[in-house]
2 protein chains.
Amino acid sequence: MEISQLGEFGLIDRLTTDLSSVQPTTLKSVGDDCAVLGYDGTTRQLVTTDLLMEGIHFDLVYTPLRQLGYKAVMVNLSDVYAMNGTPRQVTISLAVDNRLQVEDLDEFYAGMRLACEQHQVDIVGGDTTSSLTGLCISITCIGDAPEPAIVKRSGAKPTDLICCSGNLGAAYLGLQLLEREKAIYLQQVKEGRVSDNAPFQPDFSGREYLLQRILQPEARRDIVQTLRAAGIVPTAMMDISDGLSSELLHICKQSGVGCRLYEERIPLDYQTAAAAEELNLNVSTCALNGGEDYELLFTVPLSMHDQVEQLEDVSIIGHITDADEGAVMVGRGGTEMSLRAQGWNPLN
Amino acid sequence: MEISQLGEFGLIDRLTTDLSSVQPTTLKSVGDDCAVLGYDGTTRQLVTTDLLMEGIHFDLVYTPLRQLGYKAVMVNLSDVYAMNGTPRQVTISLAVDNRLQVEDLDEFYAGMRLACEQHQVDIVGGDTTSSLTGLCISITCIGDAPEPAIVKRSGAKPTDLICCSGNLGAAYLGLQLLEREKAIYLQQVKEGRVSDNAPFQPDFSGREYLLQRILQPEARRDIVQTLRAAGIVPTAMMDISDGLSSELLHICKQSGVGCRLYEERIPLDYQTAAAAEELNLNVSTCALNGGEDYELLFTVPLSMHDQVEQLEDVSIIGHITDADEGAVMVGRGGTEMSLRAQGWNPLN
């Protein structure tokens, strides 16, 4: 059977079927942003890992290595924040091919170090090897949280409010702009109008925010801290890496609930809307399915409505329902439609 | 600068220069088999990670996926045992290209699960994605040990005995046999004498042990348990993945000592010796520089000579000296030579 027939989550389901834990220190295994470990003491350890492959997750034509290093760390930290934890350590494994020079790796490491410094995370180990074909980055992050603070995907309850930090779709639009300019650049190289070692430096003025969202995303520690300061513990939380609809369906499935999402409440930046217009894309579709925003999606009890409404950079975008009401999006015109996961699938 | 000019350890030194830790939970960072973390309680967490790339670390022409899965886990467990710890959890990340079918991944996972079951280790997370070119496996293992039990590379003292488990060079000879048969097979395919989808099934009878050593190595938990039962705590320990000479030099450097290694004491299996003879290779060179044996190299105080001598499957191969005596190998004829790291370098 072809792997693409199963898709990422189908494959993970198949490979992790009957996966039982024998270690008493394993408190939560596969299926959330992080595994939860409980060594002695009351602190819990959170573990997450991400594998980034050249040509699949990033394109070195338009991705500066410093920003790639920064992002590679950030996507892991994001998973720890999504459990309401604090990242503490990372291990960094790299496989590099001979196109890269030592100075390129210096740049990559500078970006990783900057990300780690900003979040007070230590680089404690890793592996460095060669690759026959392309750069491969594997990062594991270990964080911690006191047991009662940990927020899983499985705690959402009917009537809970669905909240989202920041805005969505910007990273996807940034990627589309980069891909468009890359195609133009390659065409120019092909036609001999620019040399193939000419730098790829298109004019992105006015679109800097979108580029930053795709190339150098920020893990939302600030939101976790804001919630903590406000005394709000989400009932469920995860980060938005594959797209809002896909992530919301994860929460619904793991919490055994349904949801009503209001299209008009999905937070958008004006640059996102403008770029979608220019590229003739439906901006809601970009926000729902684009992915890579690394915003936090979380649910809070309805009783916290007033507190949540006052939080800066947090939007209430819908509410949780009983499972039998399904996962529904209410469109701008009031039409209801089923929410479907059309997020980014790395195995297609 | 080309990365190969620096080599793996030169590159790691460059990238990790000035790497300081800010987290109080980071007790030991880069530079040993595992990082050592100290969350609350008295147990320490050990973290290690390995990245295995197709074409660099393994060749699917002669590596069954089930054995590859087994080995990929085992090499990580070996690093935890090398700190005198107990592995508890692994995360497993895979990037697969479209040559592999779902059934192939089932095989790979079966091997990983077997390794985990045998060592009571839980698979707690990971990442699954696609690759444009070849299989990529990244595994992180988390283990634990009480603080006083942890054995680092840095504790060897002059007069300590240098010990080694099992025997060396077998994995390297196994690899040479596989490579020789692969070359014959490819030549036959090229000449049209066998079809290119004919299975690669050369006759390795009498050499099964060597093949097992390269394809399905065992992490030496038994040695760690034996030492524990005998009340012997090594002063320094690491696993032999890159080759005896390279690893012994790591211990000397990190402990600030020298060593005298006796060539005639290096443990060899008769199959290793026979295959070296057949392939016209110097068997000592294979044992010193071959790598991938995943035996344990450790030092114990001279006062424990009698206890260590009685241990099954452990050889005393030399002793630690003052740093100014250098790292010396005493050859079979009594000639002395400098020990040099000529172990496997994944960046050459």
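## Chain B: sheet and interface with chain A

Chain B holds an open sheet of seven strands in the order β8-β10-β7-β11-β9-β12-β13, with mixed pairing. Strands are DSSP E runs of at least two residues, helices H or I runs of at least four, numbered from the N terminus; two strands pair if DSSP finds at least two bridges between them. This is a predicted model: local features need pLDDT of at least 70, side-chain atom pairs count only at pLDDT 80 or more, and totals for chains, interfaces and linings use all residues. Residues are numbered from 1 along each chain as its sequence is written.

- The edge strands of chain B are β8 (236-240) and β13 (336-338), each pairing on one side only.
- Twist averages 25° from one strand to the next (axes are lines fitted to C-alpha atoms, for helices over the stretch in contact; angles run from 0 to 180 degrees between N-to-C directions).
- In chain B, β9 (257-262) and β12 (327-330) pair in the parallel sense over four bridges.
- B:Leu261 has B:Met329 of β12(B) as its bridge partner.

**Helix packing**
- Helix α6 (221-229) of chain B touches β7, β10 and β11 of chain B (contact: heavy atoms within 4.5 Å).
- Helix α7 (244-255) of chain B runs at about 150° to β9(B).

**Interface**
- Chain B and chain A each bring 76 residues to the contact.
- The buried area is about 6400 Å², with 55% from carbon and sulfur atoms (accessible area, 1.4 Å probe, lost on being put together, summed over both parts).
- B:Leu15, B:Tyr39 and B:Val102 lose the most area in chain B, together 10% of what that side buries.

Key
Chains are lettered from A and ligands numbered from 1 in the order in which they are written. Side-chain values use heavy atoms; hydrogens and water are left out. Buried area is the accessible area (1.4 Å probe) that two parts lose on being put together, summed over both.
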